Amino acid sequence: MGYEACIIWFQSSNPGVLRMGVFWFFLLWALSLGVLSNGLTVNASSRPKAVKVGAIFTLDSTIGRVAKVAIEEAVKDVNSNSSVLRGTELIVDIRNSNCSGFLGLVEALRFMETDVFAVIGPQSSVVAHTILHVANELKTPFLSFAATDPTLASLQFPYFVRTTQSDLHQMSAVAEIVDHFGWREVIVVFLDDDYGRNGLSALDDALAARKCRVSYKAGIPPGDISRSEIMDILVKVALMESRVIVLHTSSTTGSKVFSVAHYLGMMDDGYVWIATDWLSSFLDSASPLHSGTATDTMQGILVLRQHTPDTERKRAFSRRWKELTRGSVGLSTYGLYAYDTVWLLAHAIDSFFSQGGVISFSNDTNLNSFKGSSNLHLENMVVFDGGPLLLKSILESNFVGLTGPVKFSRDKSLVYPAYEIINVIGTGLHTVGYWSNYSSLSIVAPETLYSRPPNRSSANQQLRSIVWPGDSVRTPRGWVFPNNGKLLRIGVPRRVGYKEFVSQVSGTNTSKGFCIDVFTAAVNLLPYAVPYQFVPFGNGRENPNYNKLVEMITTGQLDGVVGDIAITTNRTKIVDFTQPYAAGGLVVVAPVRKRNTGAWAFLRPFSREMWGVTAVFFLLIGIVVWILEHRINDEFRGPPKQQLITILWFSLSTLFFAHRETTVSTLGRLVLILWLFVVLIINSSYTASLTSILTVQQLYSPIKGIETLRDGDDIIGYQVGSYAQHYLIEGIGIPESRLRALGSPEEYADALLRGPKKGGVAAIVDERPYIELFLASQCRFRVIGQEFTKTGWGFAFPRDSPLALDLSTAILTLSENGDLQRIHDKWLTTRACSSDNTELESDRLHLNSFWGLYLLCGIACVTALIIYFFQIILKYRRAATNEQVSSGGSHSKRLQKLISLIDEKEESTRDKKRRKIENSLSDRNREIDMERNSQRHSQVSSQNGFNTRS
């Protein structure tokens, strides 16, 4: 229905109706031209001549000065390009928020009373948190080119569109840098407002994901702050252990921080400073005359800058910028994002109109209650009816701007977040690498990597060489001992037994022993001094509980623990250990006694199962060979008694390879060859084992290892304070009632000698270093079985302590240069037992070692029997067919026929050859005889003829 329908209806009406029609016609015509009673509706049938958007940011700030020029230039470029808004002029009304949340809110409310349907800004994250509630209520999109607070989430503020990168990505870049250089703790100096606190929270999460952490947080009050206040904050920072400092503030405050830090000597060698992109924005926008002096107090620091691709369009705009500003202000990345924000809004408005969007407003019913109640006139604020459609058009925009591709992901963030990593050297900024969420750290610009598969491997993470504070090219360690005059409190156990490992010097707080010497030697290898003092732990009457000693680190009572501390799973959950400096797995020690050979020693090489299986196979082989040879070999035939004797004699004689019966069949020979090979192996093994039993002195113990202790019910000993108790109860399942605590080597020996029947123990489970020292003087006991846990001794320190890592390197150095072995020999090498040449009884030869041979032999026997009986069945069927047994006769006759075939003597192949030769010889003899007879007959005939003629 259009104008034509109105005219047809108009002409066909009567005069009364005609006047009414004229009224409605002009009303519709007025509405089509966009004439609205409140003046806030634009024509829907054609694009308006002009559209007005607002802009709120701090005009006199570092970012604001650049953004104002960039926005004005962008508006000129948009209006001069007829293909964007197609004849509609874009007007931007810029208001100053003066970096105040209150003033920003006031300006936003003033915009809401006008026909402004979108706002560029705010610049500050603090202001954004204040005024975005207005955007939600009145459905007006706010596009911010500088509010980087990651908590400005799309779910909370759906009408907020961030046209720059979020600090969530920037803090991930900082965490990647920290992890790349191996630092584990950082100090964060931050502006204590929404921008600073939420950025700190994002950094904390990013560091935790890489097993790093923020060790100290130094908040700076927002607003104007004096140098003395900053100095108080930095003095506390200087007393901390970490030397990696992340500065996340504003440009005004940050410049003061660097100045004070330089004054305090915190820009010297050993420090690491990482500044977020506030500093790159400050340095980029500073005029060339001032940028050189601004970096005097910032030498060696790392700075992040939002990365924008280096394109010809960007370079052209930079040249245009220099001509425009005449060097009074530099172009920062925030200026580029502000420029692209105007173009983004222009493209979105064009798409909005193309989809039939109408710039119309309606009153907010929630504000009607304020009408006339005050002088604020809140009821004048209106809701933008096309807000959802315009927001949709903004988020669906996709074009290439000065900053690269302008496109939004599903979470309303710009795609391809990337940062440049800059090193301040002299008066210049040197790019040492890049970070992107696609490939992490690299020395190649991110846009060149997007076409390749992502590679975030550690080998691919690279940065160029960096000049650190103090003009050092060596990567700082990142931490020092706190410069607060305190000594590290190192806990040392007060042992009662085995004092060779660690013990307290009488009358002093010093300690000595193998563990102490290893620790001291390792500390001396460190490239820095470690002030410490030993703190004895224990009552001196019994060995202390090592778990409680380690737990004191977590409570802050101790800064570390040195001693014979086993590295166990539960302990590693609460502290960090150094590299093990001694092996400390659990072993079983028990009494042993000499075992005489005896009259029946020849039976000991084999177990009962082995003897039984061997005997069965001897008999089985005899039977199988008899079956295979019975029909064709006369040596395996005869009366039943003789055949039984033949079977037994043949099978047993193979043990000595003395069998005199020859095998004729192929299957029999195959079985016999395999069996003789098995006999050869069994003979060799038996001979070797019996020789060892008769010639080497044997030691015997009824306990064979931890399995014997687990399955039995004897009392087991363990050392007081050792983790062996927990392992035996929780790991193996031995009841605590079967365990007895022992405290010294003397108690060990006494308990083992008395045994479980006299109030002692059957065996002791303890760590190998203690047992080795114990057995050096106790020759009546031996280690039974194998070491059944694999662990070691190390020094314990708080989680993520850098000292644990450095001491691990030092321990490895001690091991490589031989010092660790020399310390071991100094404390733990004692006289050896005189009977060290004795051996604990070796295990018997069990069936497990030979079942493969028996299996092979058994398969050969079964296969040969199957072939043999198959041949018998074939002969039986042929015989049955010839004699027609299959068609008649009883089952008993058939069975008798089958048995007779099995027992029937069959010519062997050799006999068949002999008979064939004999037959051929007899035939030849017969032919010769016949030839002789014929010759003799012919001679006789000729003689008779001669006589007749005569």
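Trainee: In which helix is Val235 found?
Mentor: This is a predicted model. Val235 contributes to a nonpolar surface patch of about 360 Å², together with Leu239, Tyr263 and Leu264. Its place in the chain is within residues 227–238, that is, helix α9.

Trainee: Which residues are joined with Arg320 into one network of salt bridges?
Mentor: Arg320 forms a salt bridge with Glu73, with the closest N and O atoms 2.7 Å apart. This pair links helix α13 (residues 312–325) to helix α3 (residues 62–80). The side chain of Arg320 also meets Asp77 in a salt bridge at 2.9 Å, N to O. Through shared partners, the residues joined with Arg320 are Glu73, Lys76 and Asp77.

Trainee: Is Glu73 buried or exposed?
Mentor: Buried residues have under 20% relative accessible area. Because the value for Glu73 is 8%, this residue is buried.

Trainee: How many residues apart in sequence are the parts tied together by Asp204 and Lys217?
Mentor: Asp204 and Lys217 form a salt bridge, their closest N and O atoms being 3.5 Å apart. Asp204 lies in helix α8 (residues 194–208) and Lys217 in strand β7 (residues 213–220), so the pair ties together parts whose separation in sequence is 13 residues.

Note on methods:
Residues are numbered from 1 along each chain as its sequence is written. This is a predicted model: local features need pLDDT of at least 70, side-chain atom pairs count only at pLDDT 80 or more; totals for chains, interfaces and linings use all residues. Side-chain values use heavy atoms; hydrogens and water are left out. Patches are made of residues with over 30% relative accessible area and no salt bridge: like charges are joined within 9 Å, nonpolar side chains (Val, Leu, Ile, Met, Phe, Trp, Tyr) within 5 Å. Accessible areas come from the Shrake-Rupley method with a 1.4 Å probe; for residues, only the protein chains shown count as cover. A salt bridge is a side-chain nitrogen of Lys or Arg within 4 Å of a carboxyl oxygen of Asp or Glu. Helices (H or I, at least four residues) and strands (E, at least two) are DSSP runs, numbered from the N terminus. Buried means under 20% relative accessible area, exposed over 50%, partly exposed in between (1.4 Å probe, protein chains only).
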